[in-house]
Amino acid sequence: MDTGREPLWQEEPTARPRMADPVRTAAVRAVIIVAITLIGAMVAFLCTLAGSWLAFPAVLGTVAGTVVATWAVLDVWVTRQVWVQRHGVQSQPSSTARELRRERRQERRRQRRERPSPADRAAA
């Protein structure tokens, strides 16, 4: 049933493929840790302004949270590097590149067959 209207949702191809699962997991963990650290920093700031006894423990928690958040962000970077190193970039060459490679390989094989081997030269 065609109503003549445009669809409400249109799929568009993405410019980049999605992150690998371990990298995405590390990134989500890092974002959550950074968000909690920022909330702790805000609590520490507001407690300091209010003169509350909770200000000192909140500042200590914020400092610890900053260290943990830095570690989490570094974990994302390291996980990504390890993933790329282990799995490499998945690329599929175009058919023309594949054909050129095949031609070069055949040419090398033909040259090897035509070239006399060192054993043949010694016997001559």
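Trainee: Let's start with Arg18: is this residue buried or exposed?

Mentor: Relative accessible area sorts residues into buried (under 20%), exposed (over 50%) and partly exposed in between, with a 1.4 Å probe and protein chains only. Arg18 comes out as exposed, at 67%. Please keep in mind that this is a predicted model, where local features need pLDDT of at least 70, side-chain atom pairs count only at pLDDT 80 or more, and totals for chains, interfaces and linings use all residues. Residues are numbered from 1 along each chain as its sequence is written, and side-chain values use heavy atoms, leaving out hydrogens and water.

Trainee: Which side chain does Arg18 meet in a salt bridge?

Mentor: In general, side chains of opposite charge can pair when their charged atoms come close. For a salt bridge, the test is a side-chain nitrogen of Lys or Arg within 4 Å of a carboxyl oxygen of Asp or Glu. Here Arg18 meets Asp21, with 3.7 Å from N to O. Asp21 is partly exposed, at 48% relative accessibility.

Trainee: And what separates Arg24 from Asp21 along the helix?

Mentor: About one helical turn, because the two residues are three apart in helix 1, residues 21-50. Helices here are DSSP runs of H or I with at least four residues, strands are E runs of at least two, and both are numbered from the N terminus. Arg24 and Asp21 also form a salt bridge, with the closest N and O atoms 2.3 Å apart. With a relative accessible area of 24%, Arg24 is partly exposed.

Trainee: Which parts does the Arg29 and Asp75 pair tie together?

Mentor: First the contact: the two side chains form a salt bridge at 3.0 Å, N to O. Arg29 belongs to helix 1 and Asp75 to helix 2 (residues 55-87), so the pair ties together parts 46 residues apart in sequence. Both ends are partly exposed, Arg29 at 41% and Asp75 at 25%. The whole structure holds five salt bridges.

Trainee: How do I read the packing of helix 1 and helix 2, and at what angle do their axes cross?

Mentor: Two packed helices are described by the angle between their axes and the distance between the axes. The axes of helix 1 and helix 2 come within 8 Å and cross at roughly 165°. That makes helix 1 roughly antiparallel to helix 2 (the label for angles over 145 degrees). By class, their contact has 20 nonpolar, seven polar and three charged residues.

Trainee: Which residues make up the largest nonpolar core?

Mentor: A nonpolar core is a set of buried Ala, Val, Leu, Ile, Met, Phe, Trp, Tyr and Cys residues joined through side-chain atoms within 4.5 Å. In this model the largest has five residues: Ala26, Ala27, Ala30, Ala72 and Val76. Helix 1 and helix 2 are the elements that give two or more residues to this core, and the largest share, three residues, comes from helix 1.

Trainee: Where is Leu54 found?

Mentor: Leu54 sits in the loop between helix 1 and helix 2 and is partly exposed, at 35%. Its C-alpha atom lies 7.6 Å from that of Ala44, ten residues away along the chain.

Trainee: How many helices and strands does the protein have?

Mentor: Four helices and zero strands, running α-α-α-α from the N terminus. Of the 124 residues in the protein, 13% are buried.

How values were computed: Axes are lines fitted to C-alpha atoms, for helices over the stretch in contact, and angles run from 0 to 180 degrees between N-to-C directions. Angles under 35 degrees count as roughly parallel, over 145 as roughly antiparallel, 65 to 115 as roughly perpendicular and the rest as oblique. Ala, Val, Leu, Ile, Met, Phe, Trp, Tyr, Cys and Pro count as nonpolar, Asp, Glu, Lys and Arg as charged, and the others, Gly among them, as polar.
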